[in-house]
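User: I would like to go through this model with you, starting with helix packing and then moving to charged pairs. Could you take my questions one at a time?

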Amino acid sequence: MSSEMTHLTGTFFIGYDRGNILDWMNHMRYYFAPLEGITDNVFRSLHHRYFPGLDRYYTPFLSPTSDGPAITKKDLRQVLPENNSGFELVPQLLTNQPGPFLQAAEKLKELGYQEVNLNLGCPSGTVTAKGKGSGFLAHPDKLRAFLDEVFEKTPITVSIKTRLGMDDPEEFEPLLELYRQYPIGELTVHPRVRADLYRRPVRMGYFEKALAECPFPVALSGGVGVAGDAKRMETAYPTMSGMMLGRGLVANPALVQQIKGTGGPTIDAIENFHGELFDATAARVGSPRNTMFRMKEVWSYLILLFDGREKYQKLLRKTTSLTEYQAITTRIFRELPLRQDADINWQP
């Protein structure tokens, strides 16, 4: 690894693009977290059109392997620039092998991308069992070797999304020391361990440690579900580079507009967004009925933006009929009061 990559000393952002740093210092940035099965290119494009204001979107993870193409045909559709026009997109890669990571990064650079994100946060059992996502955090020696090769050979800026560790938040201190040795474009910290999944409160003391000690931008993921959460975090941690919003932003697609004071959720916008999302997804997958099952995943969050929803939640979960689905969603939009904050029962 070259010396210019290993020494990030007192001048703070050696090797980083000054324009990006000044942009971060001038305003808080908001990102849409990748949610598998939800935030595909169709969702992103429509969300940007109906609820503009996000600074960037992240793709659900791409999984390059040593025995396949750098990017599969299915994943290529997700990252083609013409399928993601008008907004900034950062592809996220999930692998524990430097070769496939570098091949995918090279292909993404050819497509015009300037940054890729390494997923060290996914807590899914099927992912962690393979030593990927947050499972990679349990193997610090392998992770060090991976990062050494990636940062020596990468053709593109690499950012990282990480959890605190697998089981014990004290795992984060040596991980943080490891991260500090590389010119990471941005470190997004989800201050939970893998065992916490998404249920336990975020551990903000560890985020504060990262914010204080890292020589590169540090963003927050987790613990922000409604506009009030975001404003409290922004006040408490004004030097963080951004906030990555996931479930709260699916539940309230206008969340960032609320945070920025430029708008909020309305029945018309939510209904029109839902309708176009259904039609565009059905056109892509070729099956309205299969689209219904994909949309039910969106509704598992979106329904939290409506009062009096309990009956409709059960009906949506149980239905396998497209006609019933359409009737239920129409009734939701016509009969239920819209909240301004999604009732996500968050534990900040």
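User: At what angle do H3 and H13 pack?
Analyst: H3 and H13 pack at an angle of about 155 degrees, and their axes are 10 Å apart. Axes here are lines fitted to C-alpha atoms, for helices over the stretch in contact, and angles run from 0 to 180 degrees between N-to-C directions. Helices (H or I, at least four residues) and strands (E, at least two) are DSSP runs, numbered from the N terminus.

User: What is the source of the coordinates, and which limits apply?
Analyst: This is a predicted model, in which local features need pLDDT of at least 70 and side-chain atom pairs count only at pLDDT 80 or more, while totals for chains, interfaces and linings use all residues. Residues are numbered from 1 along each chain as its sequence is written, and side-chain values use heavy atoms, with hydrogens and water left out.

User: Back to H3 and H13: are they roughly parallel or antiparallel?
Analyst: The two helices, H3 and H13, are therefore roughly antiparallel to each other. The classes are: under 35 degrees roughly parallel, over 145 roughly antiparallel, 65 to 115 roughly perpendicular, and the rest oblique. The crossing of H3 and H13 is right-handed; a crossing is right-handed if the near helix is turned clockwise from the far one by less than a right angle, and left-handed if anticlockwise.

User: Which residues meet there, in H3 and in H13?
Analyst: From H3, the residues are Val42, Phe43, Leu46, His47, Arg49 and Tyr50, and they meet Ala269, Asn272, Phe273, Glu276, Leu277, Ala280, Thr281 and Arg284 in H13. Contact means heavy atoms within 4.5 Å. By class, the contact of H3 with H13 divides into 8 nonpolar, 3 polar and 3 charged residues. In that scheme Ala, Val, Leu, Ile, Met, Phe, Trp, Tyr, Cys and Pro count as nonpolar, Asp, Glu, Lys and Arg as charged, and the others, Gly among them, as polar.

User: Arg284 is on that list. Which residue does Arg284 form a salt bridge with?
Analyst: Arg284 forms a salt bridge with Asp40, with the closest N and O atoms 2.7 Å apart. The term requires a side-chain nitrogen of Lys or Arg within 4 Å of a carboxyl oxygen of Asp or Glu. Arg284 lies in helix H13 (residues 267-285) and Asp40 in the loop between S1 and helix H3 (41-50), so the pair ties together parts that are 244 residues apart in sequence.

User: Are Arg284 and Asp40 buried or exposed?
Analyst: Arg284 is partly exposed, at 29% relative accessible area, whereas Asp40 is buried at 8%. Buried means under 20% relative accessible area, exposed over 50%, and partly exposed in between (1.4 Å probe, protein chains only).

User: How many salt bridges does the structure hold?
Analyst: The structure holds 18 salt bridges. One of them joins the side chains of Arg29 and Glu186 at 3.1 Å, N to O. Arg29 lies in strand S1 (residues 29-32) and Glu186 in the loop between helix H8 (172-179) and strand S7 (187-190), so this pair ties together parts that are 157 residues apart in sequence. Arg29 is buried, with a relative accessible area of 12%, and Glu186 is buried as well, with 2%.

User: Which residues are linked in a network of salt bridges?
Analyst: The network links Arg29, Arg56, Glu88, Glu115 and Glu186.

User: And how far apart are Glu149 and Lys153 in helix H7?
Analyst: Glu149 and Lys153 are 4 residues apart in helix H7 (residues 140-153), so they are separated by about one helical turn. Their side chains meet in a salt bridge (3.2 Å, N to O). Glu149 counts as partly exposed, at 27% relative accessibility.

User: Turning to H16, how do H13 and H16 cross?
Analyst: The axes of H13 and H16 come within 10 Å and cross at roughly 165 degrees. That makes H13 roughly antiparallel to H16. H13 passes H16 in a right-handed crossing. Among the residues making the contact are Ile270 and Phe278 of H13, and Tyr325 and Thr329 of H16.

User: And is the crossing of H15 with H16 left-handed or right-handed?
Analyst: H15 passes H16 in a left-handed crossing. The axes of helix H15 (residues 310-318) and helix H16 (residues 322-335) come within 10 Å and cross at roughly 160 degrees.

User: Last topic: where is Thr59?
Analyst: Thr59 sits in the loop between strand S2 (56-58) and helix H4 (73-79). Thr59 is buried, with a relative accessible area of 1%. Leaving aside neighbours within four places in sequence, the contacts of Thr59 are Pro34, Arg44, Val79, Leu89, Val90, Pro91 and Gln92.
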